[in-house]
Amino acid sequence: MTASAADATSRPLHLGAPFKAALVQMRTGKSVAANVEAASALIRAAAADGASYVQTPEMTGTMEENRQALFATLHEEETDPALAAFQSLARELGIHLHIGSLAIRAGEHRAANRSFLLAPDGSIAGRYDKIHMFDVDLPNGDVYRESEAYRPGEIAIHADLPEIRLGLTICYDLRFPALFRALAEAGAGMLAVPAAFTKTTGEAHWHILLRARAIETGSFVLAAAQGGLHENGRETFGHSLIIDPWGRILAEAGTEPGVISAVIDPAEVAAVRRRIPSLQNGRRFELLPEPGAGRLHLAASGPAPAGE
């Protein structure tokens with residue numbers, strides 16, 4: 001089942017038995033066929049090790065930043081060869097296969113950075129278009145304009161695994177905690193952040209932000225990453241992470257392609273949220289203009305709660 005988190009708050013947790021989850025770390029190149037082959041080998045290894053949920057990184061299909069070259073390879077969802085191959089693989093292995101994202105044609109001049117959760121029968125159990133576009137100028141001189149090729153999504157999405165509700169995000173979404181809180185309030189106990197973080201931003205913020213999202217929401221956070229120096233010259237941070245609801249790192253990769261895994265016990269989500277009920281204690285507030293200044297400050301509608 002797939003649903004928007006935009007109109008859902010305080011839904012009950014969907015919790016089942018412990019299960020093994022795995023993350024596939026990649027170093028995606030420009031060839032879709034070669035990338036599908038590389039990803040498939042790692043996915044098979046993860047499934048053979050007992051993982052029933054396997055996640056791949058953002059841009060699993062191709063790491064092509066030249067707009068003209070990218071659009072020459074794009075397909076609509078219904079005819080995308082990478083998606084078809086991964087659907088067949090999910091069906092063969094009988095697992096929930098989460099393809100972190102593929103570049104999908106979404107119009108004549110725009111693509112979608114789209115994540116797919118594939119069910120064990122190969123059907124699409126959830127799809128999510130990345131909401132926040134990575135348009136930045138980094139201090140080292142690197143410039144990224146994701147919005148030049150991709151159109152942003154507008155809907156927050158969660159989907160149910162047999163054991164837990166999964167919230168879907170992609171990479172730069174990590175810097176926008178309101179999205180993660182909305183998914184957690186909608187009953188998600190596991191949050192996915194497939195990514196292709198740059199080496200520069202990863203070294204500064206990757207671990208901190210992922211652990212913060214886990215702690216803030218009392219959720220498992222699983223982030224499959226791209227790592228190393230890619231064919232197009234881009235260098236990504238790697239360090240795929242599985243983090244528990246208390247913010248502890250359960251598994252971490254280095255920078256090379258490979259697989260990491262951990263047992264996910266959904267009962268830990270309920271235990272942590274009982275221990276620190278920040279989702280229940282959250283309050284709505286207004287933004288008011290500060291008299292005599294053009295800035296805004298936060299004004300809560302009542303006395304501040306006591307600290308921890």
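This report walks through the confidence, the sheet, a hairpin and the helix packing of the structure above.

The model is predicted, so local features need pLDDT of at least 70 and side-chain atom pairs count only at pLDDT 80 or more, while totals for chains, interfaces and linings use all residues. Residues are numbered from 1 along each chain as its sequence is written, and side-chain values use heavy atoms, with hydrogens and water left out.

The term pLDDT stands for the predictor's confidence in each residue, from 0 to 100. The protein chain averages a pLDDT of 90, and 90% of the residues score at least 70.

## The open sheet

Helices (H or I, at least four residues) and strands (E, at least two) are DSSP runs, numbered from the N terminus. Strands of a sheet pair through backbone hydrogen bonds, either parallel or antiparallel. For two strands to count as paired, DSSP must find at least two bridges between them.

Here, six strands form an open sheet in the order 6-5-4-3-2-17, with mixed pairing. At its edges lie strand 6 (124–129) and strand 17 (258–264), each pairing on one side only. Neighbouring strands of this sheet are turned by 25 degrees against each other on average, direction ignored. Strand 5 (residues 111–118) pairs with strand 6 in the antiparallel sense over five bridges; in strand 6, D129 is the bridge partner of R114.

Helix 1 (residues 32–48) packs on this sheet, touching strand 2 (19–25), strand 3 (53–55), strand 4 (96–105) and strand 17. The direction of helix 1 makes about 160 degrees with that of strand 2. For such values, axes are lines fitted to C-alpha atoms, for helices over the stretch in contact, and angles run from 0 to 180 degrees between N-to-C directions.

## A hairpin to look for

Strand 15 and strand 16 (residues 249–252) run antiparallel and are joined by three bridges. In strand 16, A251 is the bridge partner of I242. The hairpin has five residues between the strands, and G247 takes a positive phi near 95 degrees.

## Two pairs of helices

Two packed helices are described by the angle between their axes and the distance between the axes. Helix 1 and helix 3 (residues 81–93) pack at about 15 degrees, with their axes 11 Å apart. Helix 1 is therefore roughly parallel to helix 3; angles under 35 degrees count as roughly parallel, over 145 as roughly antiparallel, 65 to 115 as roughly perpendicular and the rest as oblique. Residues making this contact include V36 and I43 of helix 1 and F86 and L89 of helix 3.

How do helix 4 (residues 177–185) and helix 5 (residues 199–217) compare, and at what angle do their axes cross? The axes come within 10 Å and cross at roughly 40 degrees, which means that helix 4 and helix 5 are oblique to each other. In this contact, P177, F180, R181 and A184 of helix 4 meet R213, E216 and T217 of helix 5.

Note on methods:
Contact means heavy atoms within 4.5 Å.
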